[in-house]
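I opened a new page for this chain today. My plan is to start with the overall build, then go residue by residue.

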Amino acid sequence: PYIPVEDITIRPYDDMLYMDEVITLDYTFTPESATASTVEWTSSDDKLQVKQGKVTAVGFGTAVVTAR
């Protein structure tokens, strides 16, 4: 059965990334049994690119990453 996602929690990451460095964000769904198939990731600064929970620094800046 389809179980909708009610919330996505991303573990905060406050460390600095260096150019071309890639990190994978830790995130969880609520409820844990949700059957989500896709997550839409956005970054508040295009110098930090995010795709499928992986963040890549392509320039200098500060960003907030959002998932929905």
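**Loop proline**

I began at Pro31, which is found in the loop between S3 and S4. Strands here are DSSP runs of E with at least two residues, and helices are runs of H or I with at least four residues, numbered from the N terminus. I noted the background: most peptide bonds are trans, and most residues other than glycine have a negative phi.

**Ground rules**

This is a predicted model, where local features need pLDDT of at least 70, side-chain atom pairs count only at pLDDT 80 or more, and totals for chains, interfaces and linings use all residues. Residues are numbered from 1 along each chain as its sequence is written, and side-chain values use heavy atoms, with hydrogens and water left out.

**Overall build**

I listed the secondary structure next. The chain has seven strands and zero helices. Its pattern along the sequence reads β-β-β-β-β-β-β. I took the extent of the C-alpha trace along its principal axes, and it spans about 45 × 15 × 15 Å.

How many of the residues are buried? Of the 68 residues, 21% count as buried. Buried means under 20% relative accessible area, exposed over 50%, and partly exposed in between, with a 1.4 Å probe and protein chains only.

The chain exposes about 5,200 Å², and carbon and sulfur atoms supply 51% of that. The areas come from the Shrake-Rupley method with a 1.4 Å probe.

I also looked at contacts, meaning heavy atoms within 4.5 Å. Among those with a separation of 6 or more, 51% are between residues 24 or more positions apart.

**Charges and salt bridges**

I counted charges with Lys and Arg as positive and Asp and Glu as negative, leaving out His and the chain ends. There are 5 positive and 11 negative side chains, and the centres of the two sets lie 6 Å apart. Each charge is placed at NZ of Lys, CZ of Arg, CG of Asp or CD of Glu.

A salt bridge needs a side-chain nitrogen of Lys or Arg within 4 Å of a carboxyl oxygen of Asp or Glu. The count comes to two.

One joins Asp26 and Arg11, with the closest N and O atoms 3.0 Å apart. Asp26 sits in the loop between S2 (22-24) and S3 (27-30), and Arg11 in the loop between S1 (7-10) and S2, so the pair ties together parts that are 15 residues apart in sequence. Asp26 is partly exposed, at 41% relative accessible area.

Another joins Arg68 and Glu40, with the closest N and O atoms 3.7 Å apart. Arg68 lies in the segment after S7 (65-67) and Glu40 in the loop between S3 and S4, so this pair ties together parts 28 residues apart in sequence. Arg68 is exposed at 61% relative accessibility, and Glu40 is partly exposed at 43%.

**Asp45**

I stopped at Asp45, in the loop between S4 (41-43) and S5 (48-51). Not counting residues up to four places away in sequence, Asp45 touches Gly61, Thr62 and Ala63.

**Positive phi**

Asp20 has a phi of about 65°. Asp20 lies in the loop between S1 and S2 and is exposed, at 60% relative accessible area. Gln52 has a phi of about 50°. Gln52 is in the loop between S5 and S6 (54-57) and is exposed, at 63%.

**Two distances**

I checked Asp7, in strand S1. Asp7 is partly exposed at 43% relative accessibility. Leaving aside neighbours within four places in sequence, Asp7 is in contact with Thr28, Phe29 and Thr30. Asp7 and Leu25 are 18 residues apart in sequence and 16 Å apart in space, C-alpha to C-alpha.

My last entry is Tyr18, in the loop between S1 and S2. Is Tyr18 buried or exposed? Tyr18 counts as exposed, at 55% relative accessibility. Tyr18 and Val58 are 40 residues apart in sequence and 8.5 Å apart in space, C-alpha to C-alpha.
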